[in-house]
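Subject: Structure for you to look at

Dear colleague,

Here is the structure I said I would pass on.

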Amino acid sequence: MKKIITTLFALLSLATPAMAKDTLTIYTYDSFVSEWGPGAKVKDAFEKDCDCTIEWVAPGDGVALLNRLKLEGQNTKADVVLGLDTNLTAEAAETGLFGKHGVDVKLAKTPIPWADDYFMPYDFAHFAVIYDSEAMKIPPKSLDELVNGDPSQKIILQDPRSSTPGLGFLLWMKQVYGENAAEAWKKLSPRILTVAPGWSEAYALFTKGEAPMVLSYTTSPAYHMIAENTERYKAAAFAEGHYLQIEVAGLIEASPEKALAQKFIAFMMGPGFQDQIPTNNWMLPAGATSSALPPAFGQLVKPEKTLIYSPLEVKENRRAWIDEWLNALAK
């Protein structure tokens with residue numbers, strides 16, 4: 001009888017499935033989880049540490065993340081949102097969905113002091129016009145030269161309603177031109193080949209040779225130097241300065257995996273995550289890395305002046321400035 005009971009227990013233990021691992025659902029932008037992006041390596045590194053599973057959800061570019069969160073509200077499936085930037089943090093916080101990250105803000109290595117209890121930065125770079133030096137021998141040396149330049153030499157931009165680079169360029173124009181931004185947009189309009197929904201689509205068109213210029217980052221040429229061994233694609237240094245983007249992540253307060261989400265935000269600031277930023281996301285790391293940047297980063301354009309709006313200024317004016325852009329390009 002004892003042998004029979006022992007056998008039954010053994011069979012039951014074999015029939016019982018292994019306990020499922022916790023799943024951390026992270027909303028991000030599409031290029032982060034692309035074949036060449038850092039998503040897969042970040043996932044592997046964190047899963048080794050957390051005994052959990054990361055599930056990436058990529059609805060589009062950065063502004064699309066905020067739009068989706070607003071639609072989902074308290075029904076969101078996200079535990080972490082990675083890919084907003086400081087132009088969107090005030091508006092994101094206003095949704096009431098985000099909780100305090102609980103990470104020491106002094107860990108942030110950003111060009112401006114960090115003091116946000118709800119969002120932590122994971123990378124940054126200045127926006128720049130990237131040009132094909134084989135198709136364009138003399139690039140614009142200022143935003144004003146871009147706006148008033150040869151209409152036959154086109155630029156590809158991103159939509160500020162769905163893309164953080166697109167929004168960044170809109171804010172760059174507004175910083176430089178102020179009340180005259182609408183007129184500047186009208187002058188620039190003949191040079192715009194297309195307005196793509198996101199960075200990935202815009203940069204793909206650029207590298208296919210559809211236009212000699214695209215809105216991207218001062219760090220973008222590093223990709224071509226390191227991955228393709230070419231200096232063909234360069235960033236144009238602009239006399240007025242360059243607009244700064246700082247990308248951030250935050251956790252959802254009502255998430256059933258809040259503790260795991262906090263663990264991920266803390267992990268994000270260390271080498272397991274940050275080592276993937278320079279040569280996979282092609283931005284500058286905002287946390288601790290295990291080694292210095294590759295030499296190619298020393299050859300990049302270093303803006304003499306940084307332009308940036310506060311998160312609150314963007315929240316209060318974003319809709320009006322987008323309407324200004326739409327009206328200017330429609331005429």
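This is a predicted model: local features need pLDDT of at least 70, side-chain atom pairs count only at pLDDT 80 or more; totals for chains, interfaces and linings use all residues.

Disulfide. I searched the whole structure, and the search turned up one disulfide. The bond links C50 with C52, with an S to S distance of 1.8 Å. The torsion about the S-S bond of C50 and C52 is about -85 degrees, so this disulfide is left-handed. C50 is buried at 12% relative accessibility. C52 is also buried, with a relative accessibility of 2%; the cut-off for buried is under 20%.

D51. Phi of D51 is positive, at about 50 degrees, and D51 is not a glycine. D51 sits in the loop between α2 (39-50) and β2 (52-57). Is D51 buried or exposed? D51 is exposed, because its relative accessible area is 54% and exposed means over 50%.

W282. A positive phi also occurs at W282, near 55 degrees, and again the residue is not a glycine. W282 belongs to the loop between α12 (277-281) and β11 (284-285). W282 counts as buried because its relative accessibility is 9%, which is to be read against the cut-off of under 20%.

Regards

Terms used:
Residues are numbered from 1 along each chain as its sequence is written. Side-chain values use heavy atoms; hydrogens and water are left out. Helices (H or I, at least four residues) and strands (E, at least two) are DSSP runs, numbered from the N terminus. Buried means under 20% relative accessible area, exposed over 50%, partly exposed in between (1.4 Å probe, protein chains only). A disulfide is a pair of cysteine sulfur atoms within 2.5 Å.
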